[in-house]
Amino acid sequence: FADLRKCEERGELLLPILFFLLVVMSVLLYFAVSLMDPGFVLDDTVKGSNEEMESMIPQSSTSRLRRCGYCLLQQQPMRAKHCQTCKRCVRRFDHHCPWIENCVGERNHRWFIVYLLVQLLALLWALHIALYVR
């Protein structure tokens with residue numbers, strides 16, 4: 001509290017408040033990304049979107065339907081992969097992050113990148129405070 005007290009006496013509370021808000025934003029983004037649906041593929045969603053998919057993608061006579069060998073989806077959407085940890089197929093699967101204990105996929109990829117940038121900024125700022133502020 002000594003450094004915070006000195007900042008308060010000098011009237012320099014902007015930087016401590018900004019750092020506190022950055023840490024709070026980091027925690028909120030953590031919970032948002034870890035609890036967010038990454039784009040899990042549901043059986044009824046795939047069956048309902050077959051007509052739309054067929055109209056957008058020209059089908060050749062030799063095209064085969066992709067089928068997930070783990071969760072036995074009849075047709076796995078393009079760029080979807082099965083996550084061994086979550087035991088579900090994820091649209092635009094990137095990876096399963098052990099830090100957030102969730103997959104990174106179609107629906108949470110952007111928020112995951114924002115979360116990483118906020119974490120990096122908070123880490124660099126804390127490192128600067130630890131090394132140079134006395």
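Helices (H or I, at least four residues) and strands (E, at least two) are DSSP runs, numbered from the N terminus. By that rule, the chain you see has 5 helices and 4 strands, and from the N terminus on they follow the order α-α-α-α-β-β-β-β-α.

A word on the model: it is predicted, so local features need pLDDT of at least 70 and side-chain atom pairs count only at pLDDT 80 or more, while totals for chains, interfaces and linings use all residues. Residues are numbered from 1 along each chain as its sequence is written, and side-chain values use heavy atoms, leaving out hydrogens and water.

The chain exposes about 10300 Å², with carbon and sulfur atoms supplying 62% of it; such areas come from the Shrake-Rupley method with a 1.4 Å probe, and for residues only the protein chains shown count as cover. Of its 134 residues, 28% count as buried. Buried means under 20% relative accessible area, exposed over 50%, and partly exposed in between (1.4 Å probe, protein chains only).

| Residue | Relative accessible area | State |
|---|---|---|
| Leu21 | 48% | partly exposed |
| Ser26 | 7% | buried |

Which residues does Ser26 touch, leaving aside its neighbours within four places in sequence? They are Tyr115, Val118 and Gln119, where contact means heavy atoms within 4.5 Å. Across the chain, residues 24 or more positions apart account for 48% of the contacts with a separation of 6 or more.
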